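I opened this notebook to record, entry by entry, what I looked up in the structure shown here.

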Amino acid sequence: MAVDFGLIVQTLVNIIDNALKYSPTDSAIEIKARNIGNDVQIEVADRGFGIPPGDLLQVFDKFYRIDHPGSVAGTGLGLSICKGIVEAHGGHIVAENRVGGGTIIRLILPAAEPGQKPEGQSNVQ
């Protein structure tokens, strides 16, 4: 399956923005991508506050916000939008706490066959 470039960029921007918001200013954000079988896996890992274990599944719900010290402004829609985009592409998204502190957001998307375009787009360039 091919992806809509603009929507996947929006998804990554939302996830990286969250990582930056919830991490100390001087900490690194790690981004990794790899093929696993017929999927592409993209991970964004930070060294921020992490997510309380009971909130790991809810972070993708509309309007859900985690209560952290030094609360960050937002509507609670960013990760919900990301989930919708990833699922519309036949993939899934998960959050997990990182060993040593922080969060990993992992996107798993089906890999495209060579030359395949998203529905509605032609192969002519």
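Before reading any accessibility value, I noted that a residue counts as buried when its relative accessible area is under 20%, and as exposed when that area is over 50%. I also noted that I am working with a predicted model.

Entry one, on a serine. I looked up Ser80, which lies in helix 2, and found that it counts as buried because its relative accessibility is 14%, under the 20% limit. Leaving aside residues up to four places away in sequence, I saw that Ser80 touches Phe60, Asp61 and Lys62.

From helix 1 the contact is made by Leu7, Ile8, Gln10, Thr11, Asn14, Ile15 and Asn18, while helix 2 brings Gly78, Leu79, Ile81, Cys82, Ile85 and Val86. Sorting the residues of this contact by class, I wrote down 8 nonpolar, 5 polar and no charged ones.

I went on to Gly90, whose place is in the loop between helix 2 and strand 3. Is Gly90 buried or exposed? Gly90 counts as exposed, because its relative accessible area is 56%. Finally, I checked Gly90 against Pro110, and noted that they are 20 residues apart in sequence and 6.6 Å apart in space, taken from C-alpha to C-alpha.

Terms used:
Residues numbered from 1 in each chain as written. Predicted model: local features only at pLDDT ≥ 70, side-chain atom pairs only at ≥ 80, totals over all residues. Heavy atoms only, no water. Contact = heavy atoms within 4.5 Å. Helix = DSSP H or I, 4+ residues; strand = E, 2+ residues; numbered from the N terminus. Nonpolar A, V, L, I, M, F, W, Y, C, P; charged D, E, K, R; others polar. Buried < 20%, exposed > 50% of the residue type's maximum accessible area, 1.4 Å probe, protein only.
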